[in-house]
Amino acid sequence: MSQSGAEPVMPERHYLNAERGLWSWLTTHDHKRIGLMFLGLLLLMFLLGGVYALALRIELLTPGETIMSRLAYNRSFTLHGVVMVWLFLIPSIPSAFGNFLLPLMIGAKDVAFPRLNLASLYLYVLGAAITLWGILQGGADTGWTFYTPYSTATGTAVLPVLLGVFVVGFSTILTGVNFITTVHTMRAPGVTWTKIPLFVWAIYGTSIIQVLATPVLGMVLVLVMLERLGGLGFFDPARGGDPLLYQHLFWFYSHPAVYIMILPGMGVISEAVCAFTRKNPFSYRVLVVSTVGIAFVGFLTWGHHMFVSGASTLGAGAFSVLSMLVAIFTALKIFTWLGTMYRGSIWITTPFVYVLGFIFLLFFGGMSGVAVAVTSADIHWHDTYFVVAHFHFIMVGASLMAFLGALHYWFPKMFGRRYPEALGIGTAVLIIFGFIATFLPQFLLGNMGMPRRYADYPERFQPLHVASTAGASLLGFGFLIIAIYLIWSLRHGRVAGRNPWESRGYEWTSESPPPKSNFHEPPSFPYPPHDYARPDVAPEVGRAA
Amino acid sequence: MSELLRHLLFLPRAGSTLADRVDGIHFFIIIITFIVAVCIGLTGFVFLVRFRRQQAFAMTPHVQAPMWLEGLFIGVPLSFFLLWGVMGFRDFVWAKNPPAGALDVYVTGKQWMWKFAYPDGIGSVGELYVPMNKPVRVLITSRDVVHSFYVPEFRLKQDALPGRYTEMWFQVKRPGRYQVLCAEYCGLDHSHMRAEVVALEPGDFEAWRARQKSLPEPGPGEEPLVVSGADAPGPLAELGRAVATRKGCFQCHTVDGTPHIGPTWLGLYQREESLQSGERIRADVAYLTESMMDPAAKVVAGFNPVMPNFQGRLSPQEVAAIVEFIKSLRPERPVPPAAQEPTYVPVRR
Amino acid sequence: MQPEASARPVVPHAEHFGDEASRQNAAHLGMWIFLATEVLLFAALFAPYALYRLAYPELFHQAREHMDLTLGTINTYVLVSSSVLVALAVASIRKGRELVASALLVGAVVLGITFLCIKGMEYAHHAKDKALPGAHYAFHQFAVPGASLYFTLYWIMTGVHAVHVTVGVGVLSVLCGQTLSGKFSAAYHTPLELGGMYWHLVDIVWLFLWPLLYLS
Amino acid sequence: MEGTLGYGKALLVGVALLALTTLSYGLSRLHLGNWGLVVALAIAAIKVSLVAFFYMHLSERSGGPRLVFATAGLFVVILIGLILVEASDRPAAVMPPGPFSIERLPGLDSQPGGEGGVR
């Protein structure tokens with residue numbers, strides 16, 4: 001693929017070898033190292049959540065109790081949810097790639113509050129440790145939603161899990177504060193508000209949600225903890241409390257949290273689409289407005305989790321219509337990405353395969369989201385596998401594809417090396433098909449009426465469960481291959497050079513891997529970040545010419 | 001046509017009038033989704049082939065979406081979404097507002113069973129008898145945690161909240177048995193919290209009702225026999241008492257609250273206990289079972305770890321029976337003072 | 001909930017910024033975003049208050065009569081005055097008068113502690129009546145359905161606020177010490193401004209708690 | 001800097017805050033009924049704007065901080081407003097004399113309080 005004559009060489013000194021020793025990593029204020037450490041931890045958590053997922057799928061292969069008891073099953077799906085949602089997906093792209101790339105993309109030396117950034121990492125570690133400790137205590141069996149009054153009455157170790165999630169929440173708040181401030185105050189000359197790279201916009205929107213929604217979750221978790229510890233009776237009907245209030249407060253956070261998971265993914269895709277089609281975005285304005293729009297309108301839709309919960313009919317109608325508005329922004333993005341491909345120069349690489357997978361799966365995930373936001377249709381689908389399939393299409397099909405796409409796209413940026421491209425493309429295709437095989441049957445299971453969180457099920461559901469489990473094993477196999485070749489590439493991959501993707505993104509103007517101070521000279525960017533119509537050589541100087 | 005679609009989409013047969021409406025909008029959304037998916041897929045494929053990379057560092061023209069196209073991108077999907085939203089909401093309101101003259105049935109969810117009762121006092125556990133072709137309003141509540149009353153073939157689902165009644169109505173189209181599931185996670189046996197709706201011809205239903213009424217009338221203040229049947233110590237609990245006697249449990253445990261070598265079983269179920277390790281645990285089914293299988297694991301504070309291990313000495317059935325027996329040993333719950341009982345308000349139609 | 005962490009986020013002369021003005025901008029913006037999270041944190045308590053007030057209007061009306069209006073009102077004056085003192089302290093340091101500033105901060109800290117003491121008296125009073133939250137509620141003069149809910153709300157809302165007051169007193173004391181030791185000047189006093197903003201936020205929350213719990 | 005916080009302004013705002021507090025207290029003695037809450041909250045809102053604008057330096061900083069302040073306020077309104085919209089439209093105290101009394105949760109009994117639910 002390389003067109004240049006000379007093989008690129010690694011830069012002599014970069015952020016990875018600027019300082020040595022474990023201590024230099026543990027006390028670093030360098031956003032790139034913090035991002036890398038987040039990445040490592042997140043991948044560990046993903047592994048843990050994935051093991052739970054496979055165990056659940058194996059248990060569901062046949063009706064009845066096979067490899068685990070009902071109690072163990074209930075605990076496993078709870079921990080699968082808790083680990084995947086709070087310890088992997090919510091911090092995934094913002095904390096790992098956002099940390100690494102955001103300053104690079106706006107030409108800053110670091111984030112605004114580097115010490116706070118490190119504190120965020122340690123809070124995450126602390127929160128994850130408390131949660132894991134809770135798992136060792138037996139773990140909770142409430143589902144990741146901790147619905148009261150069950151979560152206040154059950155005898156399992158709910159407290160440490162709640163506490164862990166609470167602490168992780170503060171970690172994401174600190175990250176959010178940091179990112180918003182950085183974007184506002186630290187842009188290099190030339191990076192005006194209309195020239196901010198799209199990934200930065202996505203992280204910005206995500207941070208708004210994190211900052212505004214997470215405290216509500218924190219408070220509501222405290223209330224549940226107090227209710228468990230001291231019999232507060234806040235959500236307990238026996239004391240006049242209202243269990244629906246819990247659902248309101250919980251979903252005020254947790255619905256926007258879905259956008260915390262998907263928005264950064266959309267940012268990754270916006271970047272990658274431009275880079276691999278070598279095209280300016282079909283409409284920069286639409287992509288930005290829809291990002292900020294999703295961040296804000298996402299707060300108005302939480303009630304669609306409560307259509308059949310006994311909330312009022314009027315409320316259901318209002319929340320249904322508001323949910324349609326947020327879906328529009330997603331639809332806009334899909335059309336814009338498609339339009340960006342028009343008259344481009346499309347280069348099929350591993351990240352681009354993930355882009356295609358993302359767009360395709362997000363379309364179905366989004367449309368099934370619209371479907372369950374239709375009040376009457378939701379009566380049937382609510383809390384069935386249809387919903388399970390829907391949010392896995394969004395969270396795995398979209399967010400995780402974007403995460404993998406980002407990992408492949410910026411792998412050369414982070415480590416200065418490349419992974420085997422053909423193997424990458426093959427695995428990406430395998431993962432997309434594995435994914436569809438896993439979750440398409442779950443849509444049909446939902447249609448049949450299989451409720452979620454069932455350890456055991458009537459026999460008629462079995463064939464589709466078998467198909468789903470088969471797909472899941474394909475998916476797991478795919479992840480294994482990726483892990484192997486990426487770890488191999490860390491040491492033995494081909495040296496990438498500054499800009500292996502020929503991208504004009506700001507982050508590629510620095511060396512790969514970047515020096516500790518990100519740029520050797522204080523940068524300024526006189527051109528927009530996704531401009532491929534201009535015969536400028538500046539972005540390409542990175543190629544070892 | 002709709003039967004074919006139902007088969008393709010794995011939807012169960014439509015048992016109620018609500019099901020037809022829900023399926024209608026379901027088909028509408030799915031068909032549009034697939035048409036648009038094909039369009040997007042074809043466009044993407046054409047672009048992939050037509051605009052594939054020819055050379056490195058290719059320059060591409062600056063293409064900017066025109067305003068009218070952006071308007072189209074917003075307008076077309078939004079009008080579909082809003083149309084679905086409005087259509088769905090119309091059906092939703094319809095499904096939430098029972099017609100006058102509907103038969104009332106009280107549904108109570110309880111870990112992990114469904115109980116049904118009619119205003120005239122008759123009731124049943126696990127089987128809801130309704131007449132076909134007649135609107136039935138279900139007034140749903142829960143006695144412990146949140147459950148959800150779900151009949152897939154009716155496309156009917158409504159959460160059961162403790163302390164409140166929620167309502168929904170349906171009209172069965174043809175006689176038969178329809179499975180009821182619990183759709184809101186409610187604990188250990190969530191997946192086994194099942195029941196059945198039995199739809200009868202109106203004549204058969206009246207006959208069933210008359211037969212139920214002729215059962216011995218409960219005394220004043222007593223609950224009808226059939227309803228309370230699930231609460232009374234069932235045969236399993238009786239078996240548990242026998243097993244416990246045989247295995248010598250009563251050498252250490254009492255059932256009347258007197259302190260002895262081991263904790264008393266009276267009111268033990270769901271009691272919050274302090275452990276020797278300083279932690280607290282709720283004596284749920286899992287803990288009780290564990291205490292039989294591995295007594296030394298979690299010893300209640302103030303007791304010595306002297307209990308023998310019953311792993312392998314009790315069959316699963318015997319364990320279940322003992323647990324059921326312990327469950328039945330609940331102290332009388334304090335009845336809330338009369339002033340705090342909810343006052344009767346005629347149900348709003 | 002460690003506001004100190006972001007109350008002083010900027011290393012003086014942090015190298016990754018251009019100049020002091022942009023450092024200040026970033027610090028203020030960061031502090032504001034942090035304060036926004038605090039606002040939402042309290043909103044998660046005001047929302048239950050609103051819902052239960054809607055559900056039990058009578059109850060909330062009667063409950064007021066069991067609150068100690070005098071102590072609550074005195075506390076309002078105390079907290080508002082301490083906020084004024086902090087504002088004056090910032091005004092002083094901007095003129096370079098470190099001693100005046102630290103004296104004013106001492107005043108604010110003393111008023112903050114007074115607030116906590118009065119709050120403690122009120123708590124003791126309620127505890128004696130057994131008007132405790134949730135399961136521990138046994139206040140016989142006010143034993144209508146849902147009454148425990150009102151007092152649960154009262155204890156949690158004021159309790160979380162009191163935690164913030166305590167943290168604020170700590171922050172102000174540290175800042176006071178730093179002012180005395182000459183760390184701040186007319187040119188550089190961002191931490192003092194940020195700490196002051198935190199204290200004002202605590203004041204703002206009370207400005208809503210007071211009318212909701214004591215007045216109407 | 002324009003609009004910098006000086007002694008004069010700080011004192012003036014302080015006096016205004018204390019006066020508004022007194023006003024709020026006085027009005028509450030008049031028992032305005034339902035309007036009492038509205039008036040009290042309105043006065044509180046005025047005081048908060050004063051504190052935020054002058055004491056918290058919003059008057060000196062345009063852009064970012066003001067945006068954050070407005071956004072936070074907006075989201076408080078959204079959270080509380082939408083919950084109230086939903087709750088106020090729930091079916092009236094539909095507590096028909098179902099055949100069962102409400103069973104309390106295990107471990108949470110024997111205390112007062114507890115009407116059936118939220119109306």
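Residues are numbered from 1 along each chain as its sequence is written, and chains are lettered from A in the order in which they are written. Because the model is predicted, local features need pLDDT of at least 70 and side-chain atom pairs count only at pLDDT 80 or more, while totals for chains, interfaces and linings use all residues.

**View 1. Chain A is built with 15 helices and zero strands.** Helices (H or I, at least four residues) and strands (E, at least two) are DSSP runs, numbered from the N terminus. With a radius of gyration of 23 Å, close to the 24 Å that the globule rule gives for 545 residues, chain A is as compact as a globular protein of that length. Here the radius is taken over C-alpha atoms, and the rule is 2.2 Å times the number of residues to the power 0.38. Along the principal axes, the C-alpha atoms of chain A fill a box of roughly 70 × 45 × 45 Å.

View 2. The average for chain A is 91, and 97% of the residues score at least 70. Over residues 539–545 of chain A, pLDDT stays under 50, and the model has 22 contacts beyond four places in sequence for this stretch. Two residues are in contact if their C-beta atoms, placed from the backbone, lie within 7 Å.

**View 3. At the interface, 72 residues of chain A are in contact with 78 residues of chain B.** On the chain A side, at least two residues each come from α3 (70–106), α5 (150–153), α10 (313–341), α11 (350–373), α12 (375–381) and α14 (421–448). The largest share, 15 residues, belongs to α10(A).

**View 4. Five strands of chain B form an open, mixed sheet in the order β3-β2-β1-β5-β8.** Two strands pair if DSSP finds at least two bridges between them. At the edges, β3 (123–125) and β8 (166–170) of chain B each pair on one side only. Strands β1 (residues 103–110) and β2 (residues 113–117) of chain B pair in the antiparallel sense over five bridges. Look for B:K110, whose bridge partner in β2(B) is B:M113.

**View 5. Chain B is assigned domain 1 (2–46 + 66–96), domain 2 (103–227) and domain 3 (235–328).** These bounds come from an automatic or database domain assignment. The C-alpha centres of domain 1 and domain 3 of chain B lie 55 Å apart.

How values were computed
pLDDT is the predictor's confidence in each residue, from 0 to 100.
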